[in-house]
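Have the structure open as you read along.

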Amino acid sequence: MLDNKVVAVTGAGGGIGREIALLCAREGAAVVVNDFGTSSSGEGKDAGPASQVVAEIEAAGGKALANLASVADSAGAASIVEDAVNNFGRIDAVVNNAGILRDRIFHRMSEAEWRAVIDVHLHGSFLVSQAAAPHFKEQGSGSYIHFTSTSGLIGNFGQANYAAAKMGIVGLSNSIALDMQRFGVRSNCIAPFAWSRMIGTIPAETEEEKRRVERMKTMSADKIAPLVAFLAGDASKDVSGQIFAVRKNEIFLFSVPRPIRSVHRSEGWTAETIANELLPALKPSFHPLQRSADIFGWDPV
């Protein structure tokens, strides 16, 4: 599916990113394996994870190179694309998978915790995507694959920073899809359900939470990779501006927000008429306050 393609995967030193890099290589792509080598909270730096994935790909006869840059740094993000072009001659797909977690209930979250998560997920996705844009535009093709989460699409406890970043990525992807459509470039999002290092940091204290963790462990990261490989290749040339989710052997297509009710008042609205007329008309259509686990039964990444 990816013969003669060049794919850059951020956060590819472990978990979902590693599985994506390995599968893309098996499908014929040359892969830039980017990983800063931090902890799940974004601390430290280690060249080992990215180098190990490259060694696995090369041992299987594939082509890969390691990039240790931080996606949150503009020069670092640009170096990911530069490494692809300088070493393999082109860039065909960017997989924005890198991420960290700094979970805390909203009213106790520090500004540093907020900014750190936004910087890696949202800012990083923007920087890497923009670095690839001139190459995609010039060659008249390219695919962006961004990782969002149902924590943003639906909601979750203690993840205001992560949810905001992941919902922001949807807006970024939609705008890229529209802006780059005339150049033959597409942009899509995936919300994964899979056991990962980040999911492993979520505390499980009650019996119900422990059972949910055990169910999550059955959802291996390799289940996410085939959809990425498809979206990275030419077979997906007509797919853009979509939001997918993967849970084990299920693939979901998400709806996008659309107006569901409209109420007109020829005299215009006041705060009082909104309370007395609009609210009773709209309230039956209000979405219940839920988190993703309540809807899907299992927590996402």
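Helix H4 (111-139) and helix H6 (160-180) each give at least two residues to the lining of the second largest cavity. This is a predicted model, in which local features need pLDDT of at least 70 and side-chain atom pairs count only at pLDDT 80 or more, while totals for chains, interfaces and linings use all residues. Residues are numbered from 1 along each chain as its sequence is written, and side-chain values use heavy atoms, without hydrogens and water.

**The second largest cavity**
- The whole structure holds 2 cavities of 30 Å³ or more.
- A cavity is a set of points, on a 1 Å grid over the protein atoms alone, where a 1.4 Å probe fits but cannot get out; lining residues have an atom within 4 Å of a point.
- The second largest cavity has about 50 Å³ of space.
- Among its lining residues are Thr-10, Val-71, Asn-96, His-121, Phe-147 and Lys-166.
- H4 supplies the largest share of this lining, 4 residues.
- By type, the lining has 5 nonpolar, 6 polar and 1 charged residues, with Gly counted as polar and Asp, Glu, Lys and Arg as charged.

**The second largest pocket**
- A pocket is an open set of points with protein on both sides within 12 Å along at least five of seven lines.
- The second largest pocket has about 550 Å³ of space.
- It is lined by 16 residues, and Leu-153, Ile-154, Ser-255, Pro-257 and His-287 are the closest to its centre.
- H6 gives the most to this pocket's lining, with 3 residues.
- The pocket lining divides into 11 nonpolar, 4 polar and 1 charged residues.

**Terms**
- Volumes are the space filled by probe spheres set on grid points, which are joined across faces, edges and corners.
- Helices are DSSP runs (H or I, at least four residues), numbered from the N terminus.
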